[in-house]
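Below is a predicted model. The text that follows goes through the ligand site and then a sheet.

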Amino acid sequence: MAKKSYYITTFGCQMNVSDSERIASMLSSLDYVPASNLEDADLALVNMCSVRQTAVDRVHGLAKKFREIREKNKKFTAILTGCVLKKDSQKLCKIFDYVIDVREIKDLAKFLGSKSFDSIDHYLQIAPAHQSKFSANVPIMTGCNNFCTYCVVPYTRNRETSRPAKEIVAEITKLVKKGYKEIWLLGQNVNSYHGLILSKKGWTSFSELLEMIEEIPGEFWVRFTSSHPKDFNEKVIKTTASCKKVTPYLNLPVQSGDNAILKKMNRRYKVSDYKALIKKARKEIPNLCLSTDIIVGFPGETQKQFENTAKLFREVGYDMAYINKYSPRPGTAAEKLNDNVSKEEKKNREKILTEILKETALENNKKIVGKETVVLIDSKTNDGWLGKNDQYKTVKIKSNGQKKDLVGKFVNVKITKAMEWALEGEIK
Ligand code: 5AD
Ligand code: SF4
């Protein structure tokens with residue numbers, strides 16, 4: 001009998017990508033095989049994101065396609081998981097056969113009528129089917145206790161849970177032995193990692209976890225995302241600086257450069273705290289590459305308040321930024337505020353910040369021209385390779401006749417040209 005096939009559609013962040021890798025391995029252990037497209041699949045799994053309404057709308061947009069597939073394949077099953085709001089799930093359960101909490105993917109067998117096997121305590125213990133052979137996502141915690149007023153995550157992913165440090169170290173040791181060169185430590189707020197096993201000094205903190213990972217033998221890079229400025233402390237800065245494997249790349253979401261807006265967002269830091277953190281991090285970590293997340297057009301954001309964000313953008317001089325237009329989310333505290341910044345104005349503010357970012361990113365990249373940098377190659381192009389350096393900057397490399405397969409390898413590259421979103425270089 002032909003095996004049943006599945007197709008996973010993933011929306012949202014790296015955590016969702018990582019969860020989909022666990023779903024894929026769970027399904028292959030239940031004897032499902034991947035389908036090359038949704039139309040041919042017996043089982044559709046949608047891993048959704050609810051951070052902005054546009055992402056939710058895309059899931060609603062699948063209804064027509066599912067109806068067409070069901071007409072041809074009466075046994076077609078569709079399961080929705082990921083970050084799902086209760087309010088949305090009432091409508092979405094008309095499109096899907098099951099809407100399940102992401103933690104329930106460990107019990108997928110139950111929903112598929114398959115024979116279940118040894119039960120797992122927590123879904124993060126499922127060994128993922130990594131998409132890449134050299135870069136792996138390793139969640140260290142999930143959930144969030146912060147309740148930023150615009151954000152759905154504390155409702156969709158519940159409170160913070162950290163994985164035991166021992167389990168994380170064992171997983172990374174295995175990956176490095178298999179040849180993985182880049183390990184992404186994932187969590188909604190990695191800096192509040194609070195390991196479930198006791199170290200000599202008490203609970204394992206994020207800095208201690210980084211130190212434990214640094215001890216794992218092998219040549220590999222450690223990256224992490226995301227950090228909340230209120231928890232990104234001096235100890236983490238010092239550890240990032242002292243651990244050779246931890247790369248000089250930091251995503252530190254500021255969200256706004258205005259104190260009154262930060263207060264309305266319940267971010268619990270002031271612009272001056274954030275700037276002091278950046279100053280310390282830049283002093284301790286050479287070649288630090290900085291990115292941030294921003295929300296423009298938060299309810300009540302005046303022109304003056306937005307200008308404070310633009311001013312911070314110029315002052316910090318980011319290398320990268322994820323600029324988001326505010327989207328009211330059901331059930332959050334900000335939903336009750338008047339979403340009074342028009343769509344056009346949000347777009348305009350996004351454009352202004354993007355222009356500043358282009359200038360600062362190019363300026364920063366120009367400083368690297370002529371320097372040598374290590375690049376982890378991630379793909380082959382027509383005339384060379386593409387990769388990321390330790391600072392997580394994209395580097396385009398001309399092959400100059402080199403034929404060797406360099407994908408997944410570290411190479412030394414001399415930077416010859418700077419652009420806004422990428423560098424160009426030659427292999428040394
Ligand atoms: N509207 C717009 N952007 C949002 N983000 C989170 N919630 C919202 C929202 N309601 C952004 C934040 C966060 C990133 C993951 O998504 O900038 O850091
Ligand atoms: Fe959302 Fe704030 Fe938690 Fe980040 S820290 S996941 S923005 S509530």
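**The ligand site and a parallel sheet**

Ligand 1 sits in the largest pocket. Around ligand 1 stand Val51, Arg52, Tyr150, Gln255, Asp293, Ile295, Asn324, Lys325, Tyr326, Ser327 and Arg329. By side-chain class, this shell around ligand 1 divides into four nonpolar, three polar and four charged residues. Two strands, β14 (289-296) and β15 (320-325), each contribute at least two residues to the shell.

Polar contacts with ligand 1 come from several of these residues. In the case of Gln255, an N or O atom of the side chain lies 2.8 Å from an oxygen atom of ligand 1. Arg52 also uses its side chain, with a polar atom 3.4 Å from an oxygen atom of the ligand. Tyr150 takes part through its backbone: a polar backbone atom of Tyr150 is 3.0 Å from a nitrogen atom of ligand 1. How much of the area that ligand 1 exposes when taken alone does the protein bury? Of the 400 Å² that ligand 1 exposes alone, the protein buries 84%.

Next comes the sheet. An open sheet is built from five strands, in the order β2-β1-β3-β4-β5, with parallel pairing. Its edges are β2 (33-34) and β5 (98-99), each of which pairs on one side only.

Conventions. Residues numbered from 1 in each chain as written. Chains lettered and ligands numbered in written order. Predicted model: local features only at pLDDT ≥ 70, side-chain atom pairs only at ≥ 80, totals over all residues. Heavy atoms only, no water. Near = heavy atom within 4 Å. Polar contact = N/O pair within 3.5 Å; in protein donor to acceptor, adjacent residues only side chain to side chain. Areas by Shrake-Rupley, 256 points an atom, 1.4 Å probe, with all protein chains shown as cover. 1 Å grid on protein atoms, 1.4 Å probe; cavity = no way out; pocket = protein on both sides within 12 Å on 5 of 7 lines; lining within 4 Å. Sits in = over half its atoms within 2 Å of the grid points. Helix = DSSP H or I, 4+ residues; strand = E, 2+ residues; numbered from the N terminus. Nonpolar A, V, L, I, M, F, W, Y, C, P; charged D, E, K, R; others polar. Pairing = 2+ DSSP bridges.
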